[in-house]
Amino acid sequence: MPRHPKKPRRLVADGHVYLWTLRHTHRRLPDSGRSAGCRQTLTLHPQPPGTGGPLRIVFDEGPGRYVPGGFPLGSGDVGYVDGGSLNLHEPGAVRALLDAASAHGWRPGERQAVEVDGWPLLEAAVAARAGEGGLEGT
């Protein structure tokens, strides 16, 4: 039976437990109410509840970037048109982004919700994922 797409998933990293979700949304244009740019928001909630505020890693669509909502690219894909990409449904990609956010100063014990732009974290996360490939089979 497939996993429900809106049910939080569990990730354990460096002795901390997180529940994480991924949401695809669109901005609404104020004058027409029509949809504008796409956005993927990866949210990690430190566990147990109350041990820290959520970390929101946001990927907004923009020039040279893609944030599709599905066909022809996969749901959860984000990346640069001429560069690296990640599938945010993959736990390894989530872990790599969490590590990159931590390297940029985010700490799991912060009490307030923190929202960060995911694009500056993407290349470091892609590089970390590429490094994982060399460890397979060893």
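In this predicted model, Y80 has a relative accessibility of 21% and therefore counts as partly exposed, since the buried class ends under 20%. Y80 belongs, with F59 and W119, to a cluster linked by ring pairs. The protein as a whole contains two helices and eight strands, and 35% of its 138 residues count as buried. The points below begin with the overall plan and then turn to the aromatic cluster, the core and selected residues.

**Overall plan and confidence**

- Along the sequence, the elements follow the pattern β-β-β-β-β-β-β-α-β-α.
- Among contacts between residues at least 6 apart in sequence, 51% join residues at least 24 apart.
- The average pLDDT of the protein is 85, and 81% of the residues score at least 70.
- Over residues 134-138 the pLDDT stays under 50, and the model has zero contacts there beyond four places in sequence.
- Where pLDDT is low, the predicted coordinates should not be read in detail.

**The aromatic cluster**

- A pair of aromatic rings is described by the distance of the centres and the angle of the planes.
- The count of aromatic pairs in the model is three.
- The ring centres of F59 and W119 lie 5.1 Å apart with the planes at 90°, so this pair is edge-to-face; an angle over 60 degrees places a pair in that class.
- F59 is part of strand β4 (residues 55-60) and W119 is part of helix α2 (residues 119-133), so their pair ties together parts that are 60 residues apart in sequence.
- F59 has a relative accessible area of 0% and is therefore buried.
- W119 is likewise buried, because its relative accessible area is 3%.
- The rings of Y80 and W119 also have centres 5.1 Å apart, but their planes meet at 55°, so this pair is tilted.

**The nonpolar core**

- In soluble globular proteins, nonpolar side chains tend to be buried together.
- The largest nonpolar core has 29 residues, of which L44, F59 and L97 touch the most other members.
- Two or more residues of this core come from each of β1 (9-13), β2 (16-28), β3 (35-47), β4, α1 and α2.
- Helix α1 gives the most to this core, with seven residues.
- Beyond its neighbours within four places in sequence, L97 is in contact with L42, I57, F59, L86, L88, L121 and A125.

**Helix α1**

- Helix α1 covers residues 91-103 and has 13 residues.
- From its first C-alpha to its last, α1 reaches 18 Å, close to the 18 Å expected at 1.5 Å a residue.
- The buried residues of α1 include G92, A93, V94, A96, L97, L98, A100 and A101.
- An α-helix has 3.6 residues a turn, so residues three or four places apart point the same way.
- After α1 comes G105, whose phi is positive, near 110°.

**A three-stranded sheet**

- Strands of a sheet pair through backbone hydrogen bonds, either parallel or antiparallel.
- An open sheet is formed by three strands in the order β5-β6-β7, with antiparallel pairing.
- Its edge strands are β5 (65-66) and β7 (85-87), each of which pairs on one side only.
- Strands β5 and β6 run antiparallel and are joined by two bridges.

- T41 is located in strand β3.
- T41 counts as buried because its relative accessibility is 13%.
- Apart from residues up to four places away in sequence, T41 touches T21, L22, R23, R56, I57 and V58.
- R111 is placed in the loop between α1 and β8 (114-117).
- With a relative accessibility of 63%, R111 counts as exposed, because that class begins over 50%.
- Beyond its neighbours within four places in sequence, R111 is in contact with G50, T51, G52 and G53.
- R111 and P54 are 57 residues apart in sequence, and their C-alpha atoms are 8.2 Å apart in space.

Key. Residues numbered from 1 in each chain as written. Predicted model: local features only at pLDDT ≥ 70, side-chain atom pairs only at ≥ 80, totals over all residues. Heavy atoms only, no water. Helix = DSSP H or I, 4+ residues; strand = E, 2+ residues; numbered from the N terminus. Expected span 1.5 Å × (residues − 1). Buried < 20%, exposed > 50% of the residue type's maximum accessible area, 1.4 Å probe, protein only. Phe/Tyr/Trp six-rings, centres within 6.5 Å; stacked < 30°, edge-to-face > 60°. pLDDT = per-residue confidence, 0-100. Contact = heavy atoms within 4.5 Å. Core = buried A, V, L, I, M, F, W, Y, C linked by side-chain atoms within 4.5 Å. Pairing = 2+ DSSP bridges.
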